[in-house]
Amino acid sequence: MKFKALTVAALTVAMPVMALAGPDDDKLVINGEIEIVTKAAAPAHMEETGIDTVMSGWHFRADETQALEMDDFDNPGMIFVDQAIDAWNMAEGSEGKSCASCHDDPSSMAGVRAVYPKWNEAAGEVRTLAMQVNDCRVNKMGADKWKYAGGDMASMEALISVQSRGMPVNVATDGPVKAVWEQGKELYYTRTGQLDLSCASCHEQNYGNMIRADHLSQGQINGFPTYRLKNAKLNTVHARFKGCIRDTRAETYSPGSAEFVALELYVASRGNGLSVEGPSVRN
């Protein structure tokens, strides 16, 4: 009874500040030439949700924030892309290799971000982009793993994402990934914490609303990694998941955990058809 009372009290505090503030219809073109699909027909697997159109979080931001993403000279996330180019070319580890040793120019990564997370046949598992980067570091370079949601990893993910900007997200949901995708879907709809909220509570049932000082988006991750003005750094998907669950006042999973890998796969698939956008700029 005590827990239920606390939940009701917390929700009572939150709900009065919720107000309607729908997404805009602006167009995102980066550097005047890269057209980003920010609204698309919802994937078939979302039919049961009643959502007809999936939308980038860019539509839920203020004009000033949107403008930062429209020019790479203004986008603070691009600073980290430049840093990652240095890391790409730096030989490390016992093998004396760099990313460039195997993959040449970063442009060779075009299309990669659009299909992750994906099944890795050799490993027999679903892998996120971060998992694949660390696998290359350990098994190809003989170097140490990077912290899963750390700055080095976020920067490298941004560099790889830039190569696919404008390409449609096309994450598999069937075949060998099906079981993990189903696990991610279950996590998405599971209510947690003292606030008794799920991902869907905000990003499916209340997107477009203002709650406290934030404009709720659909929670799409096609723009990750994202530079958040709130903490003035690049943020990875799993770091954002951790923060969201923490905000429900619940015990959270760790970045790189099997739970977050499954959740990333499911959430990424909800954005199928949107363009790869990262590094994006958000609040």
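This is a predicted model: local features need pLDDT of at least 70, side-chain atom pairs count only at pLDDT 80 or more; totals for chains, interfaces and linings use all residues.
Colleague: What percentage of the residues is buried?
Modeller: Of the 283 residues in the protein, 49% are buried.

Colleague: What about overall dimensions?
Modeller: Taken along the principal axes, the box filled by the C-alpha atoms is roughly 60 × 40 × 35 Å. The radius of gyration is 19 Å, and a compact globule with 283 residues would have one near 19 Å, so the two agree.

Colleague: Switching topic, how many helices and strands are there?
Modeller: The protein has ten helices and twelve strands.

Colleague: How do H3 and H6 pack?
Modeller: Helix H3 covers residues 78-89 and helix H6 covers residues 151-162. Their axes are 8 Å apart, at an angle of about 95°. Angles of 65 to 115 degrees count as roughly perpendicular, and H3 and H6 are therefore roughly perpendicular to each other.

Colleague: Which residues make that contact?
Modeller: On H3 they are Met78, Phe80, Val81, Gln83, Ala84, Ile85, Ala87 and Trp88. H6 contributes Ser155, Met156, Ala158, Leu159 and Val162.

Colleague: How does the contact split by class, nonpolar, polar and charged?
Modeller: The contact of H3 with H6 has eleven nonpolar residues and two polar ones, with no charged residues.

Colleague: Back to the whole chain. Of the contacts between residues at least 6 apart in sequence, what percentage join residues at least 24 apart?
Modeller: For the protein, that figure is 70%.

Methods:
Residues are numbered from 1 along each chain as its sequence is written. Side-chain values use heavy atoms; hydrogens and water are left out. Axes are lines fitted to C-alpha atoms, for helices over the stretch in contact, and angles run from 0 to 180 degrees between N-to-C directions. Helices (H or I, at least four residues) and strands (E, at least two) are DSSP runs, numbered from the N terminus. Angles under 35 degrees count as roughly parallel, over 145 as roughly antiparallel, 65 to 115 as roughly perpendicular and the rest as oblique. Contact means heavy atoms within 4.5 Å. Ala, Val, Leu, Ile, Met, Phe, Trp, Tyr, Cys and Pro count as nonpolar, Asp, Glu, Lys and Arg as charged, and the others, Gly among them, as polar. The radius of gyration is taken over C-alpha atoms; the globule rule is 2.2 Å times the number of residues to the power 0.38. Buried means under 20% relative accessible area, exposed over 50%, partly exposed in between (1.4 Å probe, protein chains only).
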